Amino acid sequence: MDTAEIKRILPHRFPMLLIDRVDSMIPGDSLIATKAVAANEPCYAGLPDEAADYSYPVTLLVESWCQAAGVLAVHGTPNPDVLAGRVTLFGAINRIEVLAPVHPGDQVTHHVRALKLLSDAAVFTGESTVADVPVLRVGQVIIALREAAELRSPA
């Protein structure tokens, strides 16, 4: 699955679309996705040249992993429009372990496994690696699927 296909599933766009491709997926079970970290990422803008080896922000690494989980959660019923239909909401993240830094030039591989899939929620676990070395462990992520109309505040 390339970036164009991912955009048909997720609402994220530049600069917040943080997965580049889905390498493999077993619907309802698991997914492997890739994020290439580049030196020209917006998070590095304005840093001096000698700062080019700064680590990729952990919050963005976790967000990237969660986007991969989002693809697995809704691939069969995609809705990139957050103003209509069912919206994907991340409700909880538990037991995140950062094991090693990620730097520009690294290709991060996200491994996502479904623990439980319900009609209106999902629970995932997994890890991220760089060159087969674990850099992030995700104990549990909970996703809720809600109708956009339910999320609007009363006028």
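The model is a predicted one, in which local features need pLDDT of at least 70 and side-chain atom pairs count only at pLDDT 80 or more, while totals for chains, interfaces and linings use all residues. Residues are numbered from 1 along each chain as its sequence is written, and side-chain values use heavy atoms, with hydrogens and water left out.

Strand E4 (residues 107-117) and strand E5 (residues 121-130) run antiparallel and are joined by nine bridges; strands are DSSP runs of E with at least two residues, helices are runs of H or I with at least four, and both are numbered from the N terminus, whereas two strands pair if DSSP finds at least two bridges between them. With three residues between them, E4 and E5 form a hairpin. A further hairpin is formed by E5 and E6, with two residues between them, and Ala-131 in that turn has a positive phi of about 50°. E5 and E6 also run antiparallel, joined by nine bridges, and here Glu-127 stands opposite Arg-137 in E6.

These strands belong to an open sheet of six, with antiparallel pairing and the order E1-E2-E4-E5-E6-E3. Strand E1 (21-26) and strand E3 (86-98) stand at the edges with a single partner strand each, so one side of each is left without a neighbour in the sheet. From one strand to the next the twist averages 20°, where axes are lines fitted to C-alpha atoms, for helices over the stretch in contact, and angles run from 0 to 180 degrees between N-to-C directions.

How enclosed is E5 by the rest of the structure? Nine of its ten residues are buried, so E5 is largely enclosed; buried means under 20% relative accessible area, exposed over 50%, and partly exposed in between, with a 1.4 Å probe and protein chains only. The largest nonpolar core has 35 residues, and Trp-65 and Phe-124 are those with the most contacts inside it; such a core is a set of buried Ala, Val, Leu, Ile, Met, Phe, Trp, Tyr and Cys residues joined through side-chain atoms within 4.5 Å. Strand E2 (30-36), helix H2 (58-74), E4, E5 and strand E6 (133-147) are the elements that give two or more residues to this core, and the largest share, ten residues, comes from H2.

Strand E3 also holds Ile-96, which is partly exposed, with a relative accessible area of 33%.
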